[in-house]
Each structure stands twice: as C-alpha cells, then as structure tokens.
Amino acid sequence: MKCFPFSPAATVRKFFPNADDKQVDYLLWNHTGWPCFWRTGAERDIKHSLRHLRRTLDAGKKPCDLCNDAADSPYDERLCRWCSRAMARPRRE
Ligand SMILES: [Zn+2]
C-alpha cells in the first residue's frame, strides 16, 4: 500500500545525500513533523523542515530539539530562544 504520492526517504536524501537508512529515519522522526502534518502537506512540510535544519547545520550550529532553529537559548542548551521561552510559559489549567 502506498500512503504518499512521493518517497519520504528520497525527499530526505535531497537534503542529506549521504544519509543511510537509519539516519533517514532519525531525520524524519526527529526533525520533521513525520508522520503528522498540519500545514501545507507532507512533502512540502518535510522539505521546509529539512531546509531549515540544513541551514542551521551549515552555519555550524546545533539544532533546537523542537524546531530546527539554532539552539541558542541561554537557559536550555537543547532549545532555541523561542522554544525555551514557550516552554517556560506557565500553562493554563
Ligand atoms: Zn526551537
């Protein structure tokens, strides 16, 4: 059964041509919205996320765990400033 009209792995390899199967899975599951998409469609969302990740890595920066932006928060080394601020916000009950 074919779920998508494109190959998610081939899309990942457009941005990371040397990625093996394990790395492709990691990139899909950890740096894109895979398998849930809510903005403009799966292929476009994957490309958008990986383009963003590629840009961050090419700049020599570590990506945020949540959004692929540069992890530059002064409060949490795994997050960018925006995600760090959002995570620190008090939750509504
Ligand atoms: Zn972030």
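A residue counts as buried if 20 or more other C-beta atoms lie within 10 Å of its own, as exposed if 12 or fewer do, and as partly exposed in between, with C-beta atoms placed from the backbone. Cys-64 is buried, because 24 other C-beta atoms lie within 10 Å.

This is a predicted model, in which local features need pLDDT of at least 70, side-chain atom pairs count only at pLDDT 80 or more, and totals for chains, interfaces and linings use all residues. Residues are numbered from 1 along each chain as its sequence is written.

**Overall build**

The chain has four helices and zero strands. From the N terminus, the order is α-α-α-α. Helices (H or I, at least four residues) and strands (E, at least two) are DSSP runs, numbered from the N terminus. Of the 93 residues, 18% count as buried. The C-alpha atoms fill a box of roughly 45 × 35 × 20 Å, taken along the principal axes.

**Around Cys-64**

Cys-64 sits in the loop between α3 and α4 (81-88). Leaving out residues up to four places away in sequence, Cys-64 touches Asp-69, Ala-70, Ala-71, Leu-79, Cys-80 and Cys-83. Contact here means that the C-beta atoms of two residues, placed from the backbone, lie within 7 Å. Arg-81 is 17 residues from Cys-64 in sequence and 9.1 Å from it in space, C-alpha to C-alpha.

**Two domains**

Domain bounds come from an automatic or database domain assignment.

| Domain | Residues |
|---|---|
| Domain 1 | 8-60 |
| Domain 2 | 63-93 |

Their C-alpha centres lie 20 Å apart. Seven residues of domain 1 are in contact with four residues of domain 2. On the domain 1 side, helix α3 (residues 42-58) gives the most, with five residues. That side has three nonpolar, four polar and no charged residues. Ala, Val, Leu, Ile, Met, Phe, Trp, Tyr, Cys and Pro count as nonpolar, Asp, Glu, Lys and Arg as charged, and the others, Gly among them, as polar.

**α1 against α3**

Helix α1 (residues 8-15) and α3 pack at about 25°, with their axes 9 Å apart. Axes are lines fitted to C-alpha atoms, for helices over the stretch in contact, and angles run from 0 to 180 degrees between N-to-C directions. The two helices are therefore roughly parallel. That term covers angles under 35 degrees; over 145 is roughly antiparallel, 65 to 115 roughly perpendicular, and the rest oblique.

Pro-8, Thr-11, Val-12 and Phe-15 in α1 meet Glu-43, Ile-46, Lys-47, Leu-50, Arg-51 and Arg-54 in α3. The residues of this contact divide into five nonpolar, one polar and four charged.
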